[in-house]
Amino acid sequence: MTNPLYRDMANTDFMTELKNRNSYETDRQNLDAKKKWNGLTVAVIDVNNDRLGHAVGDDCIGNAARVLQSVESQKVTAYRYGGDEFILLLENYPEPEKLLVRVKEKFAKYGDK
């Protein structure tokens, strides 16, 4: 018997509450096993906040996570892959380019502050 709390902790990034790298790897393996590659879009997002220091960097990571959480749906899953790198996994999402433009616009609003 497994403890659901430990399973959640193993698959969730504590800082952002997004799914983590372990969860992404598991989800990708499951998609591979089902051979569900058609209609799959993987977007890798690197926030590049390495030069800003820890406090500002943590705020930047939190803001990025909120932007990505705002676009999550049954067809869109966001992951914090590590550091300031994120992944969006889109399954059968119509016109994924439009979603990625929207994400970029939301990120730009934080850059204006």
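Does Asp27 count as buried or exposed, and at what relative accessibility? Asp27 counts as buried because its relative accessibility is 18%, and buried means under 20%. The structure is a predicted model.

- Four strands form an open sheet with mixed pairing, in the order E1-E3-E4-E2.
- Strand E1 (19–20) and strand E2 (40–46) are the edge strands, and each of them pairs on one side only.
- E2 pairs with strand E4 (residues 85–91) in the antiparallel sense, over seven bridges.
- Val42 has Leu89 in E4 as its bridge partner.

**Helices across the sheet**
- Helix H2 lies across E1, E2, strand E3 (76–82) and E4, and runs at about 130 degrees to E3.
- Helix H3 (residues 54–71) lies across E2, E3 and E4, and runs at about 5 degrees to E4.

**Asp27**
- Asp27 belongs to helix H2 (residues 21–33).
- Apart from neighbours within four places in sequence, Asp27 is in contact with Lys19 and Tyr79.
- The side chains of Asp27 and Tyr79 make a polar contact at 2.5 Å.

**Phe107**
- Phe107 is part of helix H4 (residues 96–111).
- Phe107 counts as partly exposed because its relative accessibility is 23%, a value in between the limits of 20% for buried and 50% for exposed.
- Apart from neighbours within four places in sequence, Phe107 is in contact with Ile45, Ala64, Val67 and Leu68.
- Phe107 and Arg66 are 41 residues apart in sequence, and their C-alpha atoms are 9.9 Å apart in space.

Notes:
Residues numbered from 1 in each chain as written. Predicted model: local features only at pLDDT ≥ 70, side-chain atom pairs only at ≥ 80, totals over all residues. Heavy atoms only, no water. Helix = DSSP H or I, 4+ residues; strand = E, 2+ residues; numbered from the N terminus. Buried < 20%, exposed > 50% of the residue type's maximum accessible area, 1.4 Å probe, protein only. Contact = heavy atoms within 4.5 Å. Polar contact = N/O pair within 3.5 Å; in protein donor to acceptor, adjacent residues only side chain to side chain. Pairing = 2+ DSSP bridges. Axes fitted to C-alpha atoms, helices over the stretch in contact; angles between N-to-C directions.
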